[in-house]
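Here is a short report for a reader new to this structure. Look at the sequence and the model first, then read on.

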Amino acid sequence: MKFIDKETIKIDRELSDLDNFTLDFIKILEKNTDYVIVSGYVAILLGRARASEDVDVIIPKINFSKFQSLYTQLKKNDFYCLNSEEVSTVYDYLKDNLAVRFAKKDTMIPNIEMKWTKSDFDKIALENTIDVVLSKGKIRISHLELQIAFKEEVLKSPKDLEDARHIEKIAESYLDKELINKYREQLREFYK
Amino acid sequence: MSFTSKNQKERMRFVDKWAEYVKTHSDKDWSRQQNMVINSSLKSASMTREQFFKMKGEKHFQI
């Protein structure tokens, strides 16, 4: 794993079924909108020894016709939405700030949990990204400092604390410790 | 110390050990081992849509 610069990490890993699934989805998504991957899959991509049934993706708010085009392309590529088959219903869920899930046809797991930017922290995640370069493509993840702070200050489950610890250890020399503390304070203030 | 906190401490120790392994071994090496966990877990997962949404605590879906 090479931490090339603040925006690039190169990993010469063997791709898992979860990586291949995510790359397939991202290939379609990035043609239609900006995106960032957050939470558990970030830790997994960086080597954390656990699985996950879903991959969390944040996208900016997009209009219906843009979403319809994305939805059509996903369907053409064997993805379906677990929440509804009606594109307008799926769009309404997003508008209501609910996450929607996409999986490959005839499967439930793994799936992509996609939501719109809701809070300022979602916007920060979307604006401050790292490209993880793999053998078959790039996956855009949120800055690790925000991921660590969010898992430690907001989510706080044993699984999340372990994810945060893994990222902290793996990227020890790469991380901006002051930035982690800044995010921690902001999150504490926001969620109190 | 309770069983839960003892267990969590033990799990954290493993996280540290594994992170050290990842840092000191090639990407191919650690990912091959990690993939055994990921791929087998995905293969063994089997549930209905209703069960999945119930597990996630989500109610916004149509049958």
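Predicted model: local features only at pLDDT ≥ 70, side-chain atom pairs only at ≥ 80, totals over all residues.

**Where the chains meet**

Chain A puts 28 residues in contact with 28 residues of chain B. On the chain A side, helix H1 (17-32), helix H4 (87-95) and helix H7 (158-170) each supply at least two residues. H7(A) gives the largest share, six residues. By class, the chain A side divides into 13 nonpolar, six polar and nine charged residues.

**Two helix pairs**

One is with helix H1 (residues 3-24) of chain B. The other is with helix H6 (residues 144-155) of chain A. Two packed helices are described by the angle between their axes and the distance between the axes.

| Helix pair | Angle | Axis distance |
|---|---|---|
| H7(A) and H1(B) | about 30 degrees | 9 Å |
| H6(A) and H7(A) | about 150 degrees | 9 Å |

Take the pair across the two chains. H7(A) and H1(B) pack at an angle of about 30 degrees. That angle makes H7(A) roughly parallel to H1(B). Their crossing is right-handed. H7(A) makes the contact with Pro158(A), Glu162(A), Arg165(A), His166(A), Lys169(A) and Ile170(A). H1(B) meets them with residues including Gln8(B), Arg11(B), Met12(B), Val15(B) and Asp16(B). Ala19(B), Val22(B) and Lys23(B) also take part. The contact has six nonpolar, two polar and six charged residues.

Now take the pair within chain A. Why do H6(A) and H7(A) count as roughly antiparallel? They pack at about 150 degrees, and angles over 145 degrees count as roughly antiparallel. H6(A) and H7(A) are therefore roughly antiparallel to each other. H6(A) passes H7(A) in a left-handed crossing.

From H6(A) come Leu144(A), Gln147(A), Ile148(A), Lys151(A), Glu152(A) and Leu155(A). They meet Asp160(A), Leu161(A), Asp163(A), Ala164(A), Ile167(A) and Glu168(A) in H7(A). By class, this contact has six nonpolar, one polar and five charged residues.

Definitions and conventions: Residues numbered from 1 in each chain as written. Chains lettered and ligands numbered in written order. Contact = placed C-beta atoms within 7 Å. Helix = DSSP H or I, 4+ residues; strand = E, 2+ residues; numbered from the N terminus. Nonpolar A, V, L, I, M, F, W, Y, C, P; charged D, E, K, R; others polar. Axes fitted to C-alpha atoms, helices over the stretch in contact; angles between N-to-C directions. Parallel < 35°, antiparallel > 145°, perpendicular 65-115°, else oblique. Left-handed = near helix turned anticlockwise from the far one by under 90°.
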